[in-house]
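Subject: Structure for your review

Dear colleague,

Please find the structure below, followed by a summary of what was found in it. I would be grateful if you could read the two together.

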Amino acid sequence: MYDVIVIGGGLAGLVSALELARSGFRVALIERKTYPFHKVCGEYVSNEVRDYVRTLGVDLPGLGAADVRRFWFTSPSGRSLRAPLDLGGFGISRYRLDNEFYQLGQTAGVAFFTGKSVEETSFSDNEHHVRLSDGQTLTARLVIGAYGKRSRLDKTLDRHFLQRPSPYVGVKYHIRTDAPDDEVALHNFRQGYCGLSAIEDGKFCLCYLTTRENVRQYGNLPDMERALMFRNPHLRQIYENSEFLYDKPEVINEISFAPKQAVEQHLLMAGDSAGLITPLCGNGMAMAIHGARLVSGLATRFLRSELSRPELERRYQSEWSRLFARRLWVGRTVQKLFGDEWLSELAVTTLRLFRPALRGIMRQTHGEVILNDRMIE
């Protein structure tokens, strides 16, 4: 019997489990992979969570995180614009950051069930029952769903967003290349865009989003990359003058940016399970950490009998929407400008002429800064 079971060991799951274990609760975390491991992710983190991450015990400079202060944006034809990032951010691989939180969680007493997946969840008599792939069944007063963008569990829960099409594919490489380490770049191509940002040890994360139709048309990723992405001269230069460090890329299919509910059948969803911001806006990691702080804080009040379950669920849905709903909407809206070559060219031309508009969009996709256990605008 646990106080909390966290399903999924990404940033949202790890941070919420760590916070709850440090508050004295019995916490179990279930992750289908074994640490450390790579994930499809742009690996750029907004500074809105930098101070909070430090207070959790993570030494970002010691882990080699890159400081990012500038933004570079290019159209499919290669036209570009650069702008400062008002808030800035840092670059670090999920391989390193997630493993750091895993180590902190072990020290805090989190019970990790790695290499296992969740087959089914149920709720009765005010308790959750979670059945694992190895036949074990765990019981808890509360369950946090932090299992990422898409899972078999979403089908079990019959979540509404599954009824909408999810045509996107995400692909990630780690590379060594000649590029500024204080700049995050976003290079557009037909029906897709590719981010490049520095991480630790002189490496860069190259991560792109495209459609299944693009991949299907050319048969495989390398042919699609040469046929479409190389039309952007900046992307061609990166591919032709970089050392690719993976034997094969990390890939995730059926990515959906449709709205989701933060509470499903008494499970509190966190991170990408609650809502996925478009990679165009580059703040998914910060949102996951920010959301973990929110869910762990309210869960603590529930477990201490300061909130009833209906109050917990209502407050969490309301607070989650207040913090993130507009950011997700802006991301989905802006993304429509860059799925078409002509619109992408027009958007870059317009933003070059009206620089304040670009800075305004970036501000809308960043959230409140967590500073010394409080939030400021």
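**Helix packing**

The crossing of α1 and α9 is right-handed, a crossing being right-handed if the near helix is turned clockwise from the far one by less than a right angle, and left-handed if anticlockwise. This is a predicted model, in which local features need pLDDT of at least 70 and side-chain atom pairs count only at pLDDT 80 or more, while totals for chains, interfaces and linings use all residues. Residues are numbered from 1 along each chain as its sequence is written, and side-chain values use heavy atoms, with hydrogens and water left out.

Helix α1 covers residues 11–22, and its axis lies 8 Å from that of α9 at an angle of about 35°. Axes are lines fitted to C-alpha atoms, for helices over the stretch in contact, and angles run from 0 to 180 degrees between N-to-C directions. Helices (H or I, at least four residues) and strands (E, at least two) are DSSP runs, numbered from the N terminus. On the α1 side, the contact (heavy atoms within 4.5 Å) includes Leu11, Val15 and Leu20, which meet a set of α9 residues including Ile289, Val295 and Leu303. By class, this contact of α1 with α9 has 11 nonpolar residues, three polar and one charged; Ala, Val, Leu, Ile, Met, Phe, Trp, Tyr, Cys and Pro count as nonpolar, Asp, Glu, Lys and Arg as charged, and the others, Gly among them, as polar.

Helix α9 (residues 284–303) also packs against α10 (residues 309–335), with axes that come within 10 Å and cross at roughly 165°. The two helices are therefore roughly antiparallel, the term for angles over 145 degrees. This crossing, too, is right-handed. In the contact of α9 with α10, 12 residues are nonpolar, two polar and five charged.

**Strand β9**

Strands pair if DSSP finds at least two bridges between them. Strand β1 (residues 2–7) runs parallel to β9 and is joined to it by five bridges, with Ile5 opposite Val143. Strand β8 (residues 127–132) is antiparallel to β9 over four bridges, and His128 stands opposite Ala140. Four residues separate β8 and β9 in a hairpin, where Gly135 in the turn has a positive phi of about 95°. Two bridges link β9 in parallel to β17 (residues 267–269), where Leu268 is the bridge partner of Ile144.

Yours sincerely

Methods. Parallel < 35°, antiparallel > 145°, perpendicular 65-115°, else oblique.
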